[in-house]
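Please look over the sequence and the model below before reading on. The explanation is meant to be followed with the structure in view.

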Amino acid sequence: MPGYLFRRIIQSLLILLGVSFITFVLLYVLPADPVRQIAGRSATAQTVENIRQQLGLDQPMLVQYWRYLSGLVQGDMGRSYLQKTEVSTLIAARLPASLLLMAGGIFCELLIGLTLGIVAALYRGKPLDQGLMLTSFVAVSAPQFVVGLLLLYVFAVLLGWFPIGGYGTFAHLVLPAVTLGIMGSGWYSRMMRSSMIEVLRQDYIRTARAKGLKRSKVLMRHALPNAILPIIAMIGIDIGIFMGGIVVVESVFGWPGIGQLAWQAIQRVDIPIIMGVTMVSATAIVLGNLLADLITPLIDPRIKLR
């Protein structure tokens with residue numbers, strides 16, 4: 001266990017290093033000039049050059065990257081070009097909202113996806129199964145902004161059950177969480193269906209049924225714990241995706257998370273914020289996968305860490 005954990009930590013650090021380098025290079029070669037965004041359209045060439053020197057953007061790319069990496073190791077993500085505030089402070093202020101939305105979205109997608117997947121597996125090959133899988137395909141394919149706007153129009157505008165946007169109460173959380181849940185439930189339902197069908201064919205399931213156990217007990221005690229193992233890895237990936245990939249949902253619902261912060265930074269070419277959000281999201285993905293790998297053997301002792 002200690003050896004496995006040490007190797008995974010080293011691998012995670014290398015992955016984060018690669019993510020930081022690739023992201024930095026892509027931002028460096030962007031045609032947009034962040035200095036122009038700071039100086040304004042009416043700034044003279046001399047003013048632009050002075051700002052570039054003050055920010056160190058006149059130096060070679062590798063020098064800039066080394067300076068950023070040195071600060072990152074010490075916990076310094078830099079300062080926002082436009083907001084003149086530490087990136088870590090800006091992200092910390094937005095992080096609670098994103099974590100809350102992430103938890104709500106994962107809960108909704110698991111509730112919807114696992115339920116549909118189990119029902120589809122139990123009625124495999126029947127019209128109900130085909131209808132549920134078609135629904136899952138539509139859910140995966142539908143654009144996030146379309147789902148979000150549709151839910152807003154029906155449940156906020158027409159019915160008035162929920163607020164149109166904002167943050168602060170449970171009512172504000174429901175629609176954005178359900179939007180994320182619908183988008184992710186398609187993957188979970190298809191994965192759960194395949195996994196459940198495979199488990200239901202195993203000998204120990206037939207043995208449990210032959211012993212006279214109730215169908216519900218066979219499903220909950222023997223089938224579900226084994227069928228849910230592939231889902232754990234997906235949850236670990238979703239943690240990172242939800243942390244940095246919910247820009248559209250946060251924008252539609254006016255949710256003040258780091259996704260909205262990243263979108264604003266992209267529009268303004270605020271590189272330190274873009275880098276900061278990217279690294280936080282990458283760290284979340286790495287930690288989510290590591291946590292999933294560590295939890296899996298606790299659920300199924302037959303799985304060993306190597």
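Predicted model: local features only at pLDDT ≥ 70, side-chain atom pairs only at ≥ 80, totals over all residues.

Taken along the principal axes, the box filled by the C-alpha atoms of the protein has dimensions of roughly 85 × 55 × 30 Å. Where contacts join residues at least 6 apart in sequence, 73% of them link residues that are at least 24 apart.

Turning to burial and surface, the protein has 306 residues, of which 41% count as buried, while its accessible surface amounts to about 16600 Å², with 67% of that area belonging to carbon and sulfur atoms. As for charge, 25 side chains of the protein are positive and 14 are negative, and the centres of these two sets lie 13 Å apart.

One part of the surface can be described residue by residue: a nonpolar patch is formed by Leu5, Phe6, Ile9, Ile10, Leu13, Leu14 and Leu17, which together have about 630 Å² of accessible area. Among these residues, Leu17 lies in helix α1, which covers residues 2-28. Is Leu17 buried, partly exposed or exposed? Leu17 counts as partly exposed because its relative accessibility is 38%, a value that falls between the 20% limit for buried residues and the 50% limit for exposed ones.

Technical notes:
Residues numbered from 1 in each chain as written. Heavy atoms only, no water. Buried < 20%, exposed > 50% of the residue type's maximum accessible area, 1.4 Å probe, protein only. Contact = heavy atoms within 4.5 Å. Areas by Shrake-Rupley, 256 points an atom, 1.4 Å probe, with all protein chains shown as cover. Lys, Arg positive; Asp, Glu negative; His and termini not counted. Charge placed at Lys NZ, Arg CZ, Asp CG, Glu CD. Patch = residues over 30% accessible without salt bridge, like charges linked within 9 Å, V, L, I, M, F, W, Y side chains within 5 Å. Salt bridge = Lys/Arg side-chain N within 4 Å of Asp/Glu carboxyl O. Helix = DSSP H or I, 4+ residues; strand = E, 2+ residues; numbered from the N terminus.
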